[in-house]
Amino acid sequence: MQQLPVRNAWFIDKKVRFVDAGITPMRNAHVYAFVHGFTSTGQPIRVQGQFNIADTIPGDPLYSPLWLVNYVFVPQNYLPNSIRSEEDIFRSNYHIEVTGDVSNCPVVPRGTVAPEFMTVPSWYKNQQIFYVDFGLFSFKAANFYIFVQENNQQLVAIADQYAILDSIPGVSGYSPVWRINWVVTPSDYKANSIRSVKQLFESGFLIKPTKQFINCPVLSE
């Protein structure tokens, strides 16, 4: 059994832990959930036993773990998992409704787990895949600061320095997806002597925002 890496970070002098699901593009792919309709309170009536269907996996040019949720409306006599691909959904002519919800669901190898989150089977082009369900995502990014030093004109991460976060769950602005910011430090910087965004800004160190995003939900205590 393989586990997604769990790493440490700082938030206002407090050590927190996060699951590292790696670099992610800030765009959405699609996932299809099968329903029979809605309850009187507007909740979807899901088809029991039917796996969701994804339209992309790692290695595809347009892969993203940020999935726009689509409902596929099927009759009561629909046989669960008789449809296993996006192509078959389109051929079926079943009604599809785009919800506007986005789920954060990185696809992982079979047997991969993550603390506090469920690993869920799904379909992709008639093949079974698995994803970790990080929950709904609001399509915003928080800031993730990685400390580096220049070495032969390259930026090298300081091995013992934890990243610094500008929010955690329950704090305004939190997102499990983070924009990576390089913090360029001098050669005499002591790892973990800075443990908050406030201290970072007061240090005067050069901060280089990037166009890279990392998928790292913070764990509860």
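## Salt bridges, ring pairs and nonpolar cores

Aspartate 20 is buried, with a relative accessibility of 14% (buried is under 20% relative accessible area, exposed over 50%, partly exposed in between, with a 1.4 Å probe and protein chains only). The model is predicted: local features need pLDDT of at least 70, side-chain atom pairs count only at pLDDT 80 or more, and totals for chains, interfaces and linings use all residues. Residues are numbered from 1 along each chain as its sequence is written, and side-chain values use heavy atoms, leaving out hydrogens and water.

**Salt bridges**

- The count is 3 salt bridges (a side-chain nitrogen of Lys or Arg within 4 Å of a carboxyl oxygen of Asp or Glu).
- Aspartate 20 pairs with arginine 7, at 2.7 Å from N to O. Aspartate 20 sits in the loop between strand S3 (14–19) and strand S4 (29–38), and arginine 7 in strand S2 (residues 6–11), so the bridge ties together parts 13 residues apart in sequence. Helices (H or I, at least four residues) and strands (E, at least two) are DSSP runs, numbered from the N terminus.
- Arginine 7 is partly exposed, at 39% relative accessible area.
- Aspartate 88 bridges to arginine 91, with the closest N and O atoms 2.3 Å apart. Both residues lie in helix H1 (residues 86–92), 3 residues apart, or about one turn of the helix. Arginine 91 is exposed, at 61%.
- Glutamate 202 bridges to lysine 198, with 2.6 Å between the closest N and O atoms. They are 4 residues apart in helix H2 (residues 197–203), about one helical turn.
- Glutamate 202 is exposed, at 56% relative accessible area. Lysine 198 is exposed too, at 57%.

**Aromatic pairs**

- There are 16 aromatic pairs (rings of Phe, Tyr and Trp, the last by its six-membered ring, with centres within 6.5 Å; planes under 30 degrees apart are stacked, over 60 edge-to-face, the rest tilted).
- One of them joins phenylalanine 38 and tyrosine 71: the centres are 5.8 Å apart and the planes at 65°, so the pair is edge-to-face.
- This pair links distant parts of the chain, 33 residues apart: phenylalanine 38 is in strand S4 and tyrosine 71 in strand S7 (residues 66–73).
- Phenylalanine 38 is partly exposed, at 36%. Tyrosine 71 is buried, at 9%.
- Phe18, Phe144, Tyr174 and Trp178 form a cluster linked by ring pairs.

**Nonpolar cores**

- The largest nonpolar core has 18 residues (a core is a set of buried Ala, Val, Leu, Ile, Met, Phe, Trp, Tyr and Cys residues joined through side-chain atoms within 4.5 Å). Val16, Phe18, Phe144, Leu165, Trp178, Ile214 and Val218 have the most contacts inside this core.
- S2, S3, strand S13 (142–151), strand S15 (163–165) and strand S16 (177–184) each supply at least two of its residues. S13 gives the most, with 4 residues.
- Apart from this core lies another, of 17 residues, including Val31, Phe73, Cys105 and Tyr124.
- Leaving aside neighbours within four places in sequence, tryptophan 178 is in contact (heavy atoms within 4.5 Å) with residues including Phe144, Leu165, Asp166, Gln212, Ile214, Cys216 and Val218.

**Alanine 114**

- Alanine 114 lies in the loop between strand S10 (112–113) and strand S11 (118–124). It is buried, at 6% relative accessibility.
- Alanine 114 touches Leu4, Val19 and Val132, not counting residues up to four places away in sequence.
- Alanine 114 and alanine 21 are 93 residues apart in sequence, yet 9.4 Å apart in space, C-alpha to C-alpha.
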